[in-house]
Amino acid sequence: MLGHNIIKDEEIDILLEDIYQRYGYDFIQYSRASIKRRINRIMTNDRFASFAELRFALKDDPEFLQHFVEEITVNLTEMFRDPLFFRQLREEILPQLGTYPLIRIWVAGCASGEEAYSLAILLKEANLHHKSLIYATDINPRVLEIARNGVYPLSQIKSFSENYIESGGKQDFSSYYTANYDWAKFDPELKQKMILSTHNLVSDTSFNSFQLILCRNVLIYFNKDLQDRVFRLFDASLENLGFLGLGSKETIRFSSIQQNFTAVGDQKIWKKLYPQ
């Protein structure tokens with residue numbers, strides 16, 4: 001049986017440098033504790049006897065590299081996660097966005113798409129879906145496939161539905177999906193205004209201007225320097241008076257963009273100010 005914490009810090013440095021040099025994925029500034037935990041899990045699950053064996057597989061097997069990236073970047077998510085956040089979007093933010101002729105929203109680090117579908121439902125109920133575009137991006141192509149299909153385990157629907165009601169949803173949640181055996185397939189119409197694509201927050205640049213950016217529970221895996229780099233990317237991508245929504249444990253306080261934003265309520269939503 002492989003021992004826990006089998007990987008040493010200096011070995012992680014070598015591994016991350018290898019991946020960066022060979023494939024351009026930059027995990028060097030990810031939170032070290034999180035990376036170490038996930039690499040150790042890969043070592044155990046994939047039965048690598050040594051660090052050298054893992055390093056060899058990463059260098060010589062592009063398919064294993066893809067698997068490695070997916071394991072490192074996996075983000076757990078659910079629909080209407082933190083329902084009070086979505087209630088604030090519903091009650092305060094969407095009415096302001098409704099004044100625009102076209103609403104552009106970026107869900108960064110969208111994982112398997114639950115948040116993007118939640119947003120599509122909010123927009124539909126606010127009668128804004130027809131004039132919105134949701135750009136849902138993630139570094140991990142495998143989870144984007146799940147988002148494209150819009151099919152989730154039926155076992156999760158109960159908690160999705162409870163979150164939806166707590167977020168202020170007034171419809172019958174079951175009207176948004178059809179159940180088939182153990183799966184729930186969400187109404188393809190919700191996806192009509194969704195653009196799903198890979199995007200690496202660490203190395204890719206801004207690709208549009210937005211009135212709302214959501215990036216929730218992604219930055220907790222990044223160290224402070226990397227968080228700041230991503231915040232600058234969001235600042236450059238947001239229109240004046242646009243909104244930035246983060247996860248419950250994340251904040252722009254103490255970042256280099258802090259002075260450009262003001263907090264809106266208590267749900268980790270900030271509004272971008274006009275430059276002074």
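Start with helix 9. Helix 9 has 14 residues, and its first and last C-alpha atoms are 20 Å apart, close to the expected 20 Å at 1.5 Å a residue. That expected span is 1.5 Å times one less than the number of residues. Helices here are DSSP runs of H or I with at least four residues, strands are runs of E with at least two, and both are numbered from the N terminus.

Two housekeeping sentences. This is a predicted model, where local features need pLDDT of at least 70, side-chain atom pairs count only at pLDDT 80 or more, and totals for chains, interfaces and linings use all residues. Residues are numbered from 1 along each chain as its sequence is written, and side-chain values use heavy atoms, with hydrogens and water left out.

Back to helix 9. Which of its residues are buried? They are Leu226, Gln227, Asp228, Val230, Phe231, Leu233, Phe234, Asp235 and Ser237. Buried means under 20% relative accessible area, exposed means over 50%, and partly exposed is in between, with a 1.4 Å probe and protein chains only. What do these buried residues pack against? Strand 1 (103-108), strand 7 (210-215), strand 8 (238-246), strand 9 (261-263) and strand 10 (269-272).

Pick out aspartate 235. It sits in helix 9, which covers residues 224-237. Aspartate 235 counts as buried because its relative accessibility is 12%. Its side chain makes a polar contact with the side chain of asparagine 260, at 2.8 Å. A polar contact is a pair of N or O atoms within 3.5 Å; within protein, one must be able to donate a hydrogen and the other to accept it, and residues adjacent in sequence count only if both atoms are side-chain atoms. Setting aside neighbours within four places in sequence, aspartate 235 is in contact with Ile257, Asn260, Phe261 and Lys272. Contact means heavy atoms within 4.5 Å.

Next, helix 6. It runs over residues 114-125, and its 12 residues should span 16 Å at 1.5 Å a residue; the end C-alpha atoms are 17 Å apart, which agrees. Is it enclosed or open? Helix 6 is largely enclosed by the rest of the structure, because 10 of its 12 residues are buried. Among them are Glu114, Glu115, Tyr117 and Leu123.

After helix 6 comes asparagine 127. This residue is not a glycine, yet its phi is positive, about 60 degrees. It lies in the loop between helix 6 and strand 2 (132-138). At 57% relative accessibility, asparagine 127 counts as exposed.

There is another case. Lysine 268 is not a glycine either, and its phi is positive at about 65 degrees. Its loop joins strand 9 and strand 10. Lysine 268 counts as partly exposed, at 24% relative accessibility.

Now helix packing. Two packed helices are described by the angle between their axes and the distance between the axes. The axes are lines fitted to C-alpha atoms, for helices over the stretch in contact, and angles run from 0 to 180 degrees between N-to-C directions.

Take helix 1 (residues 9-23) and helix 3 (residues 51-60). Their axes come within 10 Å and cross at roughly 10 degrees. That makes helix 1 roughly parallel to helix 3. Angles under 35 degrees count as roughly parallel, over 145 as roughly antiparallel, 65 to 115 as roughly perpendicular, and the rest as oblique. Helix 1 brings Glu11, Ile14, Leu15, Asp18, Ile19, Arg22 and Tyr23, and helix 3 brings Phe51, Leu54, Arg55, Leu58 and Lys59. By class, that contact has seven nonpolar, no polar and five charged residues. Nonpolar covers Ala, Val, Leu, Ile, Met, Phe, Trp, Tyr, Cys and Pro; charged covers Asp, Glu, Lys and Arg; the others, Gly among them, are polar.

Helix 1 also meets helix 2 (residues 32-45). Here the axes come within 11 Å and cross at roughly 85 degrees. So helix 1 is roughly perpendicular to helix 2. Asp9, Ile12, Asp13, Leu15 and Leu16 in helix 1 meet Arg32, Ile35, Lys36 and Ile39 in helix 2. This contact has five nonpolar, no polar and four charged residues.

Last stop, tyrosine 274. It is in the segment after strand 10. Tyrosine 274 is exposed, with a relative accessible area of 51%. Leaving out residues up to four places away in sequence, it touches Asn240 and Leu241.
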